[in-house]
Amino acid sequence: MAEFSITINGEKQSLDVDPNTPLLWVLRDNLKLVGTKYGCGVAQCGACTVHLNGSAVRSCQLPISAAANNEITTIEGLSEHGDHPVQKAWLEHDVPQCGYCQAGQIMSAVSLLRDNPRPSDEQIEDAMHGNICRCGTYTRIKAAIKTASNSQIV
Amino acid sequence: MSKVKTGMGRRSFIKNVSLAGGGLVIGFNWLACKRAAEVSGGEMVLEMPDEWFEMNGYLKIGNNGVVTIYSPNPEIGQNVKTSMPMLVAEELDVDWNNVIVEQAPLNTDLFTRQLAGGSQSIRQGWEPLRMAGATARQMLLIAAASQWDVPVSELSVENGIITHNGSDRSIGFGEIAKDAAKVEVPEEVVLKENTNFKIIGTSRKNVDAKKIVTGQPLFGLDVDRDDMLIAMMVQPPAFGMELKSMDAEKAKEMPGIKDIFTINSYPDDMEREWSDVAAFSKLVVVVGESTWQVMQARKALKIEWDLNPQLVKEIEILEKSPALADSGGLEDSDIHYNLMTEIGPQKSEMVRKDGDPETAFKNAARVIERSYTCPFLAHNCMEPMNFFANVTNGKAELIGPIQTPEFAEKSVSKRLGLELEDIDIQMTRMGGGFGRRLYGNFLVEAAVISHEIGAPVKLVYTREDDMTNGVYRPAYQVTYKAALDGNNNLTAFHVNAGGINESPLFANRFPAGAIDNYLAESWTIESNISIGAFRAPRSNFIAGAEQSFLDELAEEMGKDPIQFRLDMLKRAQNDPVGENNDYDAARYAGVLELVRDKSGWNNNNSNSSRGVAAYYCHDSYVAQVLDLSLKNNEPIIDRVICAVDCGIVVNPDAAINMVEGGTVDGIGHALYSGLTFKEGVTQQSNFDTYRLIRHREAPKKIDVHFVENGIDPTGLGEPPSPPVQGALANALYKATGKRIYKQPFYPEISTESREIKT
């Protein structure tokens, strides 16, 4: 066990955990932020995607020791009222079926649009390729990303 | 108008439902709410009433007019949590914006068939849910009529406001609910004509969408309690093995670990429910404070496993190879394949016979014979299996993702000797179901673990546990034979289908009924690999195989593939062969005609390679046209056009979403997925080796068209995924010039297109 300090959704947190604990389990078990999902544990499905200093990372592969002293944003901290343009686009297109993967999809989409506010279809497909949706909502996810892209003032 | 008997007593309200009075529920549109309040960010919230009045098990009305509707069936992503309450709200005549939806817990007194399976939730709920709404509406009307001393016939109701037509007096549901709750439940009520629907047939957003996109706790894995422990199990590494011994000395000393022990979730003398499918019942269990700590302790365990001679199945007896005899029942996919193609079909039994197929085949000018196979599949719900259990003081509290709570309750009752009324099961939203959560072995395991340790626990499967736990889509094989006479007429049809451990045959489905001489045969081979229903069970393979064969047959006969099917359906409609044909030929033809029209089939000028297929299952009909092209040997699916007949569409945009998802699902599994075995060990255990369809591989566009026929709703969750596999195979043939007979298709096309290039 070791002491760590980490900023999550703008709030500084102190933790005493095994340094190897993946950020995913720190979020879910220690901080009770369960919006970040466990899907595979090997960075293959994207359900656990969060932002590390603004960029999308797979929290299941990020030990708390490496995440410490950085700024983490989770789905809960993406916007105060759930009204981030990407969240709004997701609601407009009524994207989710089961909904389990969608937090990870949204975090990847936000990161994509931050780097590339006007992505082409191909760029969306490439950027989102690491996020599996078992229900198959891919066409709606793409449509929502395009809506969010068009709603942004660049 | 149809009158229905209410058949619903004034039972006390649902047990264990807690909805905090005075709290705020976010996520609705509030304009019509009498006491709406605006909060920061411009978002409106519904204010909770001071008092609730229970009208029946399906709904309660607050004194401010807000209505809570309980959705009885489990939500696995099929969106019943929105569409089932829509049925209640329709007949209640309430403003949907004033409705709060809550998941009902298991309550066999109040509800029937609280189950997610067979695409039946809306079909089976169509009358009872509307009846519940109409009953409450009638009670509200009776109370208002009594207050005003006027006949009920002079009242009308709209958006939760009752109006007296003679005097223009009006009253809101909230104001009369207290009186209405005391009214005797009417013996029968009148349901609306379809033409008067205001909510049914209009698109309503997923009631949980806001919570989903903001990451609120919704799923079983999100369940938390202050004193809750985390449990994980360790199962044998191979089908055919069982626990021999365990050394947990070192692991027990690790940080956060509370206990390590073994359980037997299903003792031999326990009578299992159909849903108690479990290949492994003797398990090692690690219980600790946090998920990561438990995961680490699992790695430090020293466990010995044994071959279990009782688990040696028929496969070993059939297969005389010394290698398998030595393996003691540890099965291989290569052996499965050989058995399915060579030995299985020889032990088939006749299921249906029309006319004289033997003579027709003997006299045939030409016989076309083709065989198709597919591998096992894992369901791979994105949320791995898990369940919360608190079995203490002779009571069991169980919370989590389960498609069959009623059967799970019986299993726990038998396993732990508890009375049914001492078991409470609450369903969380589920991160996918696809049939896997029909089989609640993980729920029983959680209950046994909690009982053993005497504390609330959440059992969590890792992805690897989930993928190697069994309950798979079986491996299937089918051989089709068609007899053609000298004039190229189809004179006989023979289907011989089987699998490990189940046959995919539907003997009475199309083309049965359309051909004079027809023979359907079936076989199975037993195995120690456990199987279960997987979205559109059996259809999920045989639809694609059958539709590929019909495509090849049409080509051999020089016919257009859609016209060929329509001609056969015409025969089945006008002069059906046999009596047990379990499909409606007119509805079947209807979706083919619609997809032909919508895809511009007869005037196709796209550059894509195009395939068509149609299928009937779960009482609904789906036809699909799929356009694809090959780019560097990779199939790019440009577009899928879907024509669907599922009767009345309750929530159109959500229904389109379901058809889109089913289409992607069918394509993905047919192209990429497969679970294989070597010496009983699954060769894939996570998404690095088990391939699921991803963004880049999904269709670029999916068009969905519904047949409008006013028929009561039929299934929708499952019917779109089977036929698209046939449309895909037929389009791949157009693109590559080669027919593909083996799933997954992808490795097959890659090889074949390379062959074409050289």
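This is a predicted model: local features need pLDDT of at least 70, side-chain atom pairs count only at pLDDT 80 or more; totals for chains, interfaces and linings use all residues.
Biologist: Let's start with the two chains. How many residues of chain B are in contact with chain A?

Modeller: You list the residue pairs that meet the contact criterion and tally each side. Here 53 residues of chain B are in contact with 49 residues of chain A.

Biologist: Which helices of chain B supply at least two residues of the side that touches chain A?

Modeller: Helix 4 (209-213), helix 6 (291-299) and helix 17 (652-672) of chain B each do. Helix 17 gives the most to that side, with 8 residues. By class, the side of chain B that touches chain A has 20 nonpolar, 18 polar and 15 charged residues.

Biologist: Now chain A. How do I check the span of helix 6 of chain A, and what is expected?

Modeller: Compare the end-to-end C-alpha distance with what you'd expect at 1.5 Å a residue. Helix 6 of chain A (residues 138-151) has 14 residues and reaches 20 Å, close to the 20 Å expected.

Biologist: Which residues of helix 6 of chain A are buried?

Modeller: Among them are A:Tyr138, A:Arg140, A:Lys142, A:Ile145 and A:Ala148. For what surrounds them, look at the packing partners: within chain A, the buried residues pack against helix 3 (85-92), helix 4 (102-115) and helix 5 (121-127). From chain B, helix 17 and strand 32 (702-706) join in.

Biologist: Take helix 3 of chain A against helix 6 of chain A. At what angle do they pack?

Modeller: About 135°, with their axes 8 Å apart. Angles over 145 degrees would count as roughly antiparallel and 65 to 115 as roughly perpendicular, so helix 3 of chain A is oblique to helix 6 of chain A. The crossing is right-handed.

Biologist: Which residues make that contact?

Modeller: Helix 3 of chain A brings A:Pro85, A:Val86, A:Ala89, A:Trp90 and A:Glu92, while helix 6 of chain A brings A:Ala144, A:Thr147, A:Ala148 and A:Ser151. Sorted by class, that's 6 nonpolar, 2 polar and 1 charged.

Biologist: And in chain B, how do helix 14 and helix 18 cross?

Modeller: The axes of helix 14 (residues 539-556) and helix 18 (residues 721-736) of chain B come within 7 Å and cross at roughly 35°. That crossing is right-handed. The contact includes B:Ala543, B:Gly544 and B:Gln547 of helix 14 of chain B, and B:Pro722, B:Gly726 and B:Ala729 of helix 18 of chain B.

Biologist: What about the classes in the contact of helix 14 with helix 18 of chain B?

Modeller: This contact has 4 nonpolar, 9 polar and 1 charged residues.

Conventions. Residues are numbered from 1 along each chain as its sequence is written. Chains are lettered from A and ligands numbered from 1 in the order in which they are written. Two residues are in contact if their C-beta atoms, placed from the backbone, lie within 7 Å. Helices (H or I, at least four residues) and strands (E, at least two) are DSSP runs, numbered from the N terminus. Ala, Val, Leu, Ile, Met, Phe, Trp, Tyr, Cys and Pro count as nonpolar, Asp, Glu, Lys and Arg as charged, and the others, Gly among them, as polar. The expected span of a helix is 1.5 Å times one less than its number of residues. A residue is buried if 20 or more other C-beta atoms lie within 10 Å of its own, exposed if 12 or fewer, and partly exposed in between; C-beta atoms are placed from the backbone. Axes are lines fitted to C-alpha atoms, for helices over the stretch in contact, and angles run from 0 to 180 degrees between N-to-C directions. Angles under 35 degrees count as roughly parallel, over 145 as roughly antiparallel, 65 to 115 as roughly perpendicular and the rest as oblique. A crossing is left-handed if the near helix is turned anticlockwise from the far one by less than a right angle, and right-handed if clockwise.
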